[in-house]
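Here are my notes on the model, as numbered points. Please read them with the structure open.

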Amino acid sequence: MASIFVLGPGQWASDTTGPTPLKIRERLVDVLSAHHDAYILEPLAEDASDRDLTDKFYRTMRDRATTDILIYWPLEAKMQTTLDEIVLLRVRVDEPDAPRVWLLHEAGVLKRSFRGYEIPAGVAERSRYLDAINTLRAVAYEWRDEPELFDLARRLNDNLLDENASTD
Amino acid sequence: MVAKSRALPAEALRILDDIQEHGPLRFTEIQKRLDLSESTLDRALKALAKEVLVAPRMSKTSRRGGVFEYTVTRRGKALLRYAHASSQALYRERRILGDLVERLDPLHA
């Protein structure tokens with residue numbers, strides 16, 4: 001059974017109707033929880049022993065023995081916190097117990113062609129965010145609408161059934 | 001709601017086999033090995049990724065981007081086993097049936 005930390009935005013950047021990105025992430029957790037331990041980062045509690053969200057982020061990964069990170073990346077969402085979390089992942093990407101990283105991004109987040117990918121201007125303006133996304137070695141799947149997103153999540157679920165399943 | 005599924009392109013199994021045997025592989029490496037056009041390979045890899053049969057891993061090559069290195073996922077390996085087992089089973093049946101296969105009514109073949 002995999003232990004999957006689902007990252008992503010909580011709110012839209014504009015007046016988008018429909019469920020919030022946080023609600024969509026919670027639905028992704030429901031899909032993945034059919035076979036695995038899947039969760040999102042809880043808000044920092046008043047009486048928490050963690051000094052800050054960075055502490056909480058790493059402690060969550062450690063306490064849950066995270067094997068996989070799933071990053072949900074839609075367009076038109078507030079991505080600042082997620083970008084910060086991506087940097088935190090990048091810091092530890094070369095460690096032996098670093099989790100696998102799966103990026104489920106909406107079409108347009110990465111410019112994909114047969115030549116490869118490019119991170120468009122506007123996605124990550126600051127160089128440390130750009131470097132982090134680019135160096136994360138994530139397995140990146142593209143979706144165009146919600147049905148495709150959840151189809152990907154269900155198929156990914158099958159792949160993660162085997163703890164020894166390797167993407168290498 | 002489940003998104004509508006589409007059949008895989010004809011070259012998909014061949015590409016999957018090649019990545020399984022020689023991967024991880026980049027687009028240009030697969031193209032060269034299998035002598036496929038860019039558009040054919042692009043279409044096939046997109047279809048394989050949509051089904052999560054391959055894992056396109058980001059590999060940085062420049063400041064703003066990189067290439068994908070493809071490996072076969074657990075789902076992809078299962079498909080290959082199924083496809084190879086099916087073709088082997090069919091081959092055995094044909095050997096047992098001999099020329100009867102050729103003499104079957106085409107409508108019921």
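1. Start with exposure. Buried means under 20% relative accessible area, exposed means over 50%, and partly exposed lies in between (1.4 Å probe, protein chains only). B:Asp17 has a relative accessible area of 30%, so it is partly exposed. This residue sits in helix α1 (residues 12-22) of chain B. Leaving out residues up to four places away in sequence, B:Asp17 touches B:Leu80 and B:His84; contact means heavy atoms within 4.5 Å. B:Asp17 and B:Ser59 are 42 residues apart in sequence, and their C-alpha atoms are 22 Å apart in space.

2. Ground rules. This is a predicted model, in which local features need pLDDT of at least 70 and side-chain atom pairs count only at pLDDT 80 or more, while totals for chains, interfaces and linings use all residues. Residues are numbered from 1 along each chain as its sequence is written, chains are lettered from A and ligands numbered from 1 in the order in which they are written, and side-chain values use heavy atoms, without hydrogens and water.

3. Chain B overall. Chain B has 5 helices and 3 strands. Helices (H or I, at least four residues) and strands (E, at least two) are DSSP runs, numbered from the N terminus. Along the sequence the pattern is α-β-α-α-β-β-α-α. Of the 109 residues of chain B, 39% count as buried. Among contacts in chain B with a separation of 6 or more, 51% join residues 24 or more positions apart.

4. Strand β1 of chain A. How many of the residues of strand β1 (residues 3-7) are buried? The count is 5 of the 5, so β1 is largely enclosed by the rest of the structure. In a regular strand the side chains alternate between the two faces of the sheet. Here A:Ser3, A:Phe5 and A:Leu7 point one way, and A:Ile4 and A:Val6 the other. β1(A) pairs with strand β2 (residues 37-39) of chain A in the parallel sense, over 3 bridges. Pairing requires that DSSP finds at least two bridges between two strands. A:Ile4 stands opposite A:Ala38 in β2(A).

5. Helices α3 and α4 of chain A. Helix α3 (residues 80-91) and helix α4 (residues 127-135) pack at about 60 degrees, with axes 9 Å apart. Axes are lines fitted to C-alpha atoms, for helices over the stretch in contact, and angles run from 0 to 180 degrees between N-to-C directions. The two helices are therefore oblique to each other. Angles under 35 degrees count as roughly parallel, over 145 as roughly antiparallel, 65 to 115 as roughly perpendicular, and the rest as oblique. The α3(A) side of the contact includes A:Leu83, A:Ile86 and A:Val87, and the α4(A) side includes A:Tyr129, A:Ala132 and A:Ile133.

6. What covers α4(A). Its buried residues include A:Leu130 and A:Asn134. Their cover includes β3 (68-73), α3 and β6 (116-118) of chain A, together with β2 (54-60) and β3 (65-72) of chain B.

7. A:Thr82 is in helix α3 and counts as buried at 0% relative accessibility. Beyond four places in sequence, A:Thr82 touches A:Gly8, A:Pro9 and A:Ile71. A:Leu136 lies in the loop between α4 and β7 (139-143) and is buried, at 4%. Setting aside neighbours within four places, A:Leu136 is in contact with residues including A:Ile71, A:Ile86 and A:Val93. A:Leu136 and A:Val93 are 43 residues apart along the chain, yet their C-alpha atoms are separated by 6.6 Å.
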